[in-house]
Amino acid sequence: MFLTGILKWILGEFLYKWIRGESRTDKNSIHEVTTASTSSSSLSSSLTNQYSYDVFPSFSGHDVRRTFLSHFLEGLKSKDIKTFKDNGIKRSESINSELIRAIRESRIAVVILSKNYASSSWCLNELQMIMECRVSLGQTVMTIFYELEPSDVRKQTGDFGKAFKETCVGKTEKEKQRWREALTQVAVIAGEHSFSWPSEVDMISKIIMDISNELPSSDFHRLVGIETHVENMKSLMCLESDEVKIVVIWGPAGIGKTTIARALYEQVSCYFQLKLYKETLYPELNFENELYAGVLDHRGMKIPDLQEAKFRFKYQRVLLILDDVYPWDLKALGNLIQGLSFGSKVIVTVQNLDTLKDIMINQIYKVSYPSSEEAQQIFSYSAFGQSSPPRGYLEHAVELAKLIAPIPLCLKALGSALRGKNKEEWTMASAKLKTYRDNNDVEKAIRYVYESLSQKHTTLLYMLMDQYRAENLNDVILSLVEMDWDVEKGIQTLADLALISISRERGFIVHSLVANIHYKNLMYKSLPHQHFVKDMCHIY
């Protein structure tokens, strides 16, 4: 049986937490973090890690909070690197569930080792958790030895060793051994030594550059036509002006509004003091609070004083990019816009302009269809990994591209589905697309890809579409694993086919065009996989 026992627990625990945004770890028990084999943990981490933060800093506040740390955090903020901040967390002997979740949901842990780091059991417990996440989740760990020799950490000698011995008083041998192992492991990770740098500013710049290089790139340069769209949007926004601007990105589903908005945010967010990119996938109970909390970097927390939040907005330059918005949330958006000044900008993506009829819009950017040349490039990148078809496939590629709407999502989905196929299969694809007389050109490509899925891929997609049945999704994935199916590869296949995307903020996202095709299939015929879903959700 493929991956039993411990892996089932890993997937059940972490995936449930990933989907529901909850941590089920006992706050008084740190060592109950799984330390499964490399193969098991790499599978679970790639499936379940939803990163809430880019960086988790571990440090002794006594040594660095008012000096090195303040400059380091400011440098991370200037590069729009999302960093966990422990403001308001009450420290005690054991680290709480909020901190455990923050460590697990950070891409990189930066451990700032200083003279008094080992004087705190909190810091040592934090370090133990970080080193366990390095093994079980593949978390990147970076070290900074601040006015301290690495050998003192590794051997627990010098002033560092004295502080460690004092902290160990009254602790169990098991607890002390875990701390020693964590210190020994972290001490041998190559990092920056403050003694080696004549300037602390230069050292911080180097560390931030290393962190930036470690973070995944959005790789927008490979997206056909994106540079033109972003430059057009910059012009409409009037970035140099102190005027508040509300600009709408308007176009049909699948045209690339979200892609443009993300690329724009990546390029211009550094010019603003407060910023937020928000994907609105479903209605939120307190949209106004969510907006203020998001921009002020208090996500998930209730803003106690909205007037204070509005006051902060009034005197700072704000960038707010909303990827879609529900009609009933417009009043909250309007209230926020009224309080903006100092060259703040608001960008909203919509399919229907009537949605924003009550908002004072300054500019509308209509996303045009790609030219025939651009459409062919989008299709070719997805099908062949290059900007044009290889010899012998040009005629097939041109014919297929003409059969579907020149919508980037459709071109990408169809191209990905045909990647690696022979000419005969391309001819069959063309013939099948011509039989879709009941579907418009936009739907044809999505339907072709959808109908090409295996039963298990269809089941997985079905469950990912249902945002409110997280427990069933958890059960289905566990069942697929036990049936010797590579779930990690299955999820990656759906993403490669452009049927789903993975959002850092929201998890799995199924595009509306894909969902529409799926629900049409459910309406017109009884799919075999419906019984399969019921069977798989019944776990003993």
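Reader: Let me start with a pocket: how much space lies in the second largest pocket?

Author: Happy to begin there. Rolling a probe the size of a water molecule over the atoms shows where empty space is left. Here, the second largest pocket holds about 300 Å³ of space. Its lining has 15 residues, and A417, L418, K421, Y448 and S452 are the closest to the centre. A pocket is an open set of points on a 1 Å grid over the protein atoms alone, where a 1.4 Å probe fits, with protein on both sides within 12 Å along at least five of seven lines; lining residues have an atom within 4 Å of a point. Grid points are joined across faces, edges and corners, and the volume is the space filled by probe spheres set on the points.

Reader: Which helix gives the most to the lining of the second largest pocket?

Author: That is helix 18, with 4 residues. Helix 17 (408-417), helix 18 (423-434) and helix 19 (441-451) each supply at least two lining residues. Helices (H or I, at least four residues) and strands (E, at least two) are DSSP runs, numbered from the N terminus.

A word on the model: it is predicted, so local features need pLDDT of at least 70 and side-chain atom pairs count only at pLDDT 80 or more, while totals for chains, interfaces and linings use all residues. Residues are numbered from 1 along each chain as its sequence is written, and side-chain values use heavy atoms, leaving out hydrogens and water.

Reader: How many helices and strands does the protein chain have?

Author: The protein chain has 24 helices and 11 strands. Of its 540 residues, 52% are buried (under 20% relative accessible area with a 1.4 Å probe, protein chains only; exposed is over 50%, partly exposed in between).

Reader: In what order do the 4 strands of the open sheet stand?

Author: First the general idea: strands of a sheet pair through backbone hydrogen bonds, either parallel or antiparallel. Here the order is 1-2-3-4, and the pairing is parallel. Strands 1 and 4 stand at the edges with a single partner strand each, so one side of each has no neighbour in the sheet. Two strands count as paired if DSSP finds at least two bridges between them.

Reader: How many bridges join strand 2 to strand 3?

Author: There are 6 between strand 2 (residues 106-113) and strand 3, with V110 facing M142 as its bridge partner in strand 3. Strand 1 pairs with strand 2 over 5 bridges, and there P57 stands opposite V110.

Reader: Why is strand 1 largely enclosed?

Author: In strand 1 (residues 53-58), 5 of the 6 residues are buried, so the rest of the structure largely encloses this strand. Strand 3 (residues 140-145) is mostly covered too, with 5 of its 6 residues buried. Helix 20 (residues 455-465) has 9 of its 11 residues buried, including H457, Y462 and M465.

Reader: And D354: buried or exposed?

Author: D354 is exposed, with a relative accessible area of 55%. You will find D354 in the loop between strand 8 (345-350) and strand 9 (363-366). From C-alpha to C-alpha, D354 and P327 are 9.3 Å apart in space and 27 residues apart in sequence.
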